[in-house]
Amino acid sequence: MTTRLDFDPLLDDPATRVLVCCGSGGVGKTTTAAALALRAAERGRRVVVLTIDPARRLAQSLGLRELDNHPREVVVEGFEPKGELFAMMLDMRRTFDDMVLTHAGRDRADQILSNPFYQTISSSFSGTQEYMAMEKLGQLVAQDEWDLIIVDTPPSRSALDFLDAPQRLSTVLDGKFIRMLSAPARASGRGLLKIVGTGFSLFTRAVSTIVGGQLLQDASTFVQAFDSMFGGFRERAQRTYELLRSPGTGFVVVAAAEPDALREASYFVERLSAENMPLCGLVANRTHPVIATDLPAAKALAAAEDLDRSGEAPLAAAVLRLHADRVAVADRERRLLARFTRAHPGVALVGVPALPADVHDLDGLREIGRRLAGE
């Protein structure tokens, strides 16, 4: 029998310090994160929710004009929580800049921040957004100003990218290829020939032809300036990874009751288990339960056809067909979720019925929070 995921004890527990909402794109991670943060604040905790979604839906739902890279308190007329609620949206470039400023002296930081190669990788390099989300999480934890931090993870083709990003980005920036780019800046002409021989000049000529001489020079200058930070970068990546495995952290996997989303959720559950990371459970979002279950779909369709033949009560016939469709959707969702729970019997689960309209204000988030809590 599947255990029901009960959020209120989790949100109330002072030992719960970080909740990470993850899953594939378009399943409602942002709304789930915001609803949990709102409910925790109304139950007395000092909460900050970090979203990665560049759309302004979260800010609008919280009654704020906009969000930025620093926590903003949600102060809205009529909203008087027992605790406090803060919200922020990740600025990937700003977070990377802050990390450089933390680890490098002012002169070296200025040299790095103004480098065109750095400006490229800090805004568009694969994995940067995922890494910077975890970097910002590390900063928030270090500040020790909040009882609870809730993270809405970046949308990606694979939810596993989120766990891999810190190590992948660290490995690439500390990789052999980029280290070779720094060799001309780190060695004199004679010393360089002794180290790598004449073959290196052929290599640099070939690379210059492919990527351009100026880009090669920018990369070389960047790595030389960034060289002293490599150790700190790896260390922070490792600390971030350990934070994700700590007892105070919990992962909430969010999925729609659809084959692709549940397949992605299944992969994520397996990966979290393999990495010994704490999983709270699965949120099956936007489900379509049927309240009146006494009337099977087949009987509803048969009754609708009888009414159609008699030419009577066309509205009743339409309602019966809608009911049959809803029952079919609910049965399909039940089968898909049953398949998931058979594969992962130890994973707690809560179904969140779909709202009739999109969430656009605090009342909508509060209603999602009640459904998450099973009310």
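**Figure 1. Contact between helices α2 and α18 in the predicted model.** From α2, the residues T31, T32, A34, A35, L36, L38, R39 and E42 meet L362, L365, R366, I368, G369, R370 and L372 of α18. Eight of the residues in this contact are nonpolar, three are polar and four are charged. The helices concerned are α2, residues 29–42, and α18, residues 362–372; their axes come within 8 Å and cross at roughly 85°. Because angles of 65 to 115 degrees count as roughly perpendicular, α2 is roughly perpendicular to α18. Two packed helices are described by the angle between their axes and the distance between the axes.

**Figure 2. Helix α2, its length and its burial.** The 14 residues of α2 should span 20 Å at 1.5 Å a residue, and the end C-alpha atoms are 20 Å apart, so the two values agree. Helix α2 is mostly covered, with 12 of its 14 residues buried. The buried set consists of K29, T30, T32, A33, A34, A35, L36, A37, L38, R39, A40 and A41. Just after the helix, G44 has a positive phi of about 115°.

**Figure 3. Helix α18 and the residue that follows.** Buried residues in α18 are L362, G364, L365, I368, G369, R371 and L372. Just after α18, G374 adopts a positive phi of about 80°.

**Figure 4. The largest nonpolar core and its most connected members.** This core holds 87 residues, of which F7, L62, L85, I150, L282 and V283 touch the most other members. Helix α2 supplies the largest share of the core, eight residues. In soluble globular proteins, nonpolar side chains tend to be buried together. Residue L282 touches L5, V253, A255, L262, A265, F340, V347, A348, L349 and V350, when residues up to four places away in sequence are not counted. Another core, of seven residues, lies apart from the largest one; V290, A297, L320 and V327 are among its members.

**Figure 5. Helix α15, residues 259–274.** This helix has 16 residues and reaches 23 Å from its first C-alpha to its last, close to the 22 Å expected at 1.5 Å a residue. Its buried residues are A261, L262, E264, A265, S266, F268, V269, R271 and L272. Two of these, L262 and A265, are also among the residues that L282 touches. After α15 comes N276, whose phi is positive, near 55°.

Figure 6. With a relative accessible area of 18%, L113 is buried, because the limit for burial is under 20%. Leaving aside neighbours within four places in sequence, L113 is in contact with R93, D97, V100, L101, Y118 and Q119. The C-alpha atoms of L113 and L101 are separated by 8.9 Å, and the two residues lie 12 residues apart along the chain.

**Figure 7. Position of D331 in helix α17 relative to H288.** Helix α17 comprises residues 314–343 and includes D331. At a relative accessible area of 28%, D331 is partly exposed. Between the C-alpha atoms of D331 and H288 the separation is 9.3 Å, for residues 43 apart along the chain.

**Figure 8. Positive phi at D144 and R286.** Most residues other than glycine have a negative phi. D144, although not a glycine, has a positive phi of about 55°. This residue is placed in the loop between α7 (128–143) and β5 (148–152). D144 counts as exposed, at 56% relative accessibility. R286, likewise a residue other than glycine, has a positive phi near 55°. R286 is found in strand β7, residues 279–287. Its relative accessible area of 41% makes R286 partly exposed.

Figure 9. Of its 375 residues, 48% count as buried. Among contacts in the protein with a separation of 6 or more, 76% are between residues 24 or more positions apart.

Technical notes:
Residues are numbered from 1 along each chain as its sequence is written. This is a predicted model: local features need pLDDT of at least 70, side-chain atom pairs count only at pLDDT 80 or more; totals for chains, interfaces and linings use all residues. Side-chain values use heavy atoms; hydrogens and water are left out. Axes are lines fitted to C-alpha atoms, for helices over the stretch in contact, and angles run from 0 to 180 degrees between N-to-C directions. Helices (H or I, at least four residues) and strands (E, at least two) are DSSP runs, numbered from the N terminus. Angles under 35 degrees count as roughly parallel, over 145 as roughly antiparallel, 65 to 115 as roughly perpendicular and the rest as oblique. Contact means heavy atoms within 4.5 Å. Ala, Val, Leu, Ile, Met, Phe, Trp, Tyr, Cys and Pro count as nonpolar, Asp, Glu, Lys and Arg as charged, and the others, Gly among them, as polar. The expected span of a helix is 1.5 Å times one less than its number of residues. Buried means under 20% relative accessible area, exposed over 50%, partly exposed in between (1.4 Å probe, protein chains only). A nonpolar core is a set of buried Ala, Val, Leu, Ile, Met, Phe, Trp, Tyr and Cys residues joined through side-chain atoms within 4.5 Å.
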